[in-house]
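Trainee: May we go through this structure together, question by question?

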Amino acid sequence: MARPIVTLLSDFGTDDYYVAAMKAVLLRTCPECHLIDITHSIAPQDIVAGSVQLERAVASFLPGTVHLAVVDPGVGSERRILVAQAEGQTVVCPDNGLITWTARRFPRSEIYELTWRPPRHSRTFHGRDILAPAAGALAAGGKFSELTGLLSSPVLLDIHVAQESPGKVIHIDHFGNATTNVPSSILVPGAEISVAGRHLGALKRTYSDVRANEPIALIGSSDLLEIAVNTGSAARELGLKIGDQVEWR
Amino acid sequence: MARPIVTLLSDFGTDDYYVAAMKAVLLRTCPECHLIDITHSIAPQDIVAGSVQLERAVASFLPGTVHLAVVDPGVGSERRILVAQAEGQTVVCPDNGLITWTARRFPRSEIYELTWRPPRHSRTFHGRDILAPAAGALAAGGKFSELTGLLSSPVLLDIHVAQESPGKVIHIDHFGNATTNVPSSILVPGAEISVAGRHLGALKRTYSDVRANEPIALIGSSDLLEIAVNTGSAARELGLKIGDQVEWR
Amino acid sequence: MARPIVTLLSDFGTDDYYVAAMKAVLLRTCPECHLIDITHSIAPQDIVAGSVQLERAVASFLPGTVHLAVVDPGVGSERRILVAQAEGQTVVCPDNGLITWTARRFPRSEIYELTWRPPRHSRTFHGRDILAPAAGALAAGGKFSELTGLLSSPVLLDIHVAQESPGKVIHIDHFGNATTNVPSSILVPGAEISVAGRHLGALKRTYSDVRANEPIALIGSSDLLEIAVNTGSAARELGLKIGDQVEWR
């Protein structure tokens with residue numbers, strides 16, 4: 001049998017030992033697992049950004065994968081911890097909205113509460129003390145029903161998959177490409193796209209369909225409408241930011 | 001038997017191939033080992049910061065783990081290389097003070113000299129050429145006594161676990177939280193805390209025990225006194241920096 | 001048999017899920033492989049910088065290793081993808097010059113075209129959809145001849161191993177050390193070195209052969225002439241940059 005995979009996503013950065021502390025716990029409970037970092041560069045406590053990246057993790061991996069996601073401004077408080085099932089995969093994260101974009105794009109997801117708690121744990125680092133051992137146990141084949149219970153009304157943020165124009169920018173990536181909440185399925189071939197009031201012409205297929213430094217609208221690798229500048233940065237050159245409106249017809 | 005774990009800590013950054021070059025060597029000598037990065041973002045040649053993070057690595061992992069730590073301004077010179085045993089784990093690092101905080105917090109640590117040398121090695125990258133093969137050999141079960149010898153007076157820096165007030169800030173983390181050298185064991189419940197001349201009130205339990213953007217003193221995940229700002233940055237909002245005094249009564 | 005090793009090098013940064021998406025694919029096709037990051041901090045679309053780091057990856061690992069390198073401004077266009085054999089290792093990368101420095105330093109390298117394509121793939125993320133599954137298949141023992149074909153005239157950049165003075169700076173590392181294209185084999189012991197018009201004296205052996213904050217010329221860990229400042233940054237203190245001339249006699 002293939003070794004289990006556990007991914008990690010957080011706002012911990014990589015300057016401190018925090019990510020390694022979670023990995024140490026994961027390897028105790030699941031010594032054979034592959035540990036894969038999604039990113040630890042979510043801006044501190046930016047749950048929306050974490051939510052968008054977490055959905056990408058679920059979209060990338062195969063059934064059986066466990067995703068540990070920790071963006072957790074409410075650590076130590078009474079906020080709940082949830083365990084979600086999406087696409088045959090398992091997500092362990094705080095119940096603060098981090099699951100939102102996964103739940104939106106995989107609407108058949110099921111969300112439970114993590115009821116398991118260790119005998120002792122810190123009040124400041126639940127990622128290490130509660131979420132990581134739970135994720136490791138689940139990756140190692142621990143019984144889901146013994147760790148979880150029903151969860152009524154998980155916290156969900158006000159971000160949605162667009163059903164009609166306008167949509168909005170939900171993520172700016174490392175290259176300055178802007179991902180929107182507009183799925184490819186609602187765009188007709190040749191749709192005319194505008195962003196932040198600027199007309200970009202018809203939907204294209206890949207960056208090099210326009211000349212260098214020209215803006216372009218295309219379907220990105222997330223299967224969502226993306227605004228880019230060929231060999232440049234749409235964020236910088238078009239001044240795009242999270243929340244900017246995108247329109248099509 | 002579980003696969004051996006080797007952690008890596010350095011000031012190499014992640015822009016260059018240097019960390020991968022050490023991992024290549026580790027996988028030659030210990031092909032089955034898990035490789036876990038602690039951090040490679042120690043400021044160039046900042047031995048104190050490396051020392052604080054290295055202790056956290058030892059505190060996080062189980063007996064049997066090997067830690068390879070390279071912050072090494074004296075590379076190529078006659079500085080010694082040491083191998084320490086702490087908490088059933090092994091640390092391989094230059095003898096330049098990097099072991100200090102581990103030795104302070106785990107006073108039963110034993111420190112030896114790495115006497116093994118490869119037949120040939122560069123003068124500029126001992127991390128790859130000497131420390132990594134030694135760490136890999138130890139992780140793979142190599143005989144400690146054949147690689148090491150007695151070491152008299154290892155280099156130790158002037159940082160200590162506080163015994164009485166005042167203590168000081170020894171680390172600022174990614175969130176702007178300030179870790180001090182004050183262990184929880186010497187603080188009574190409800191102790192009154194001041195930092196850099198500012199009174200913070202009684203010791204609390206977790207960030208959300210104060211309102212958003214308010215400062216707080218609590219015991220952090222290192223089991224040391226920590227100064228934070230709930231959902232904010234103590235470093236930025238209180239102007240804290242390494243060396244600032246913290247007082248309690 | 002030792003587990004296969006696949007390394008990853010890109011300009012994707014570590015803020016997004018892109019690297020993890022490639023790892024997800026690699027683990028599907030090669031579930032037992034070790035995944036080792038070289039760097040993902042190549043400046044966006046900086047093929048020269050990627051080329052220099054890629055050669056270092058090949059120089060660091062053992063025969064059998066597969067290197068997946070993606071700096072790919074032409075993604076989605078008709079640019080070819082190549083598979084190179086160098087030092088018993090395999091490189092999979094776009095045919096845009098990224099292989100140049102590997103081909104220069106290992107002139108017995110053989111370069112083929114990746115002819116395999118998956119049934120479907122995106123137009124914007126060939127790293128995930130074409131290069132990663134090919135790299136994983138090769139690491140898992142897939143037949144080279146079934147995936148590749150002959151390639152005439154791969155794209156090669158205008159960077160060369162220096163044969164005579166002057167050479168030039170080809171890389172600035174995290175410490176501010178400047179690597180040149182001058183191999184140790186053409187420098188006589190005691191050679192007198194100048195960079196950017198400044199005389200540095202005779203070639204030394206290691207950083208501490210000069211006093212702190214003094215400039216030094218030495219053979220670095222790449223076996224190339226390197227310009228450094230002991231415990232300082234040559235880039236900052238000597239104002240060095242990529243392309244600066246270095247002379248010796």
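Mentor: Let us begin with R79(C), which counts as buried because its relative accessibility is 14%, buried being under 20% relative accessible area, exposed over 50% and partly exposed in between, with a 1.4 Å probe and protein chains only. The model is predicted, so local features need pLDDT of at least 70 and side-chain atom pairs pLDDT 80 or more, while totals for chains, interfaces and linings use all residues. Residues are numbered from 1 along each chain as its sequence is written, chains are lettered from A and ligands numbered from 1 in the order in which they are written, and side-chain values use heavy atoms, leaving out hydrogens and water.

Trainee: With which residue does R79(C) form a salt bridge?

Mentor: A salt bridge is a side-chain nitrogen of Lys or Arg within 4 Å of a carboxyl oxygen of Asp or Glu. The closest N and O atoms of the pair are 2.7 Å apart.

Trainee: Is D95(A) buried or exposed?

Mentor: D95(A) forms a salt bridge with R80(A), with the closest N and O atoms 2.8 Å apart. The pair links distant parts of the chain, 15 residues apart. R80(A) counts as partly exposed because its relative accessibility is 25%. D95(A) has a relative accessibility of 5%, and therefore counts as buried.

Trainee: How far from D16(A) is the nearest side chain of opposite charge?

Mentor: D16(A) is buried yet has no salt bridge. For charge, Lys and Arg count as positive and Asp and Glu as negative, whereas His and the chain ends are not counted. The side chain of D16(A) does make a polar contact with that of Q53(B) at 3.5 Å; such a contact is a pair of N or O atoms within 3.5 Å, where within protein one must be able to donate a hydrogen and the other to accept it, and residues adjacent in sequence count only if both atoms are side-chain atoms. The nearest side chain of opposite charge is R56(B), and its distance is 9.8 Å.

Trainee: How many salt bridges does a search of the whole structure find?

Mentor: Another of the pairs is R56(C) with E55(C), at 3.0 Å from N to O. Both R56(C) and E55(C) are buried. Over all chains, the number of salt bridges found is 27.

Key: Helices (H or I, at least four residues) and strands (E, at least two) are DSSP runs, numbered from the N terminus.
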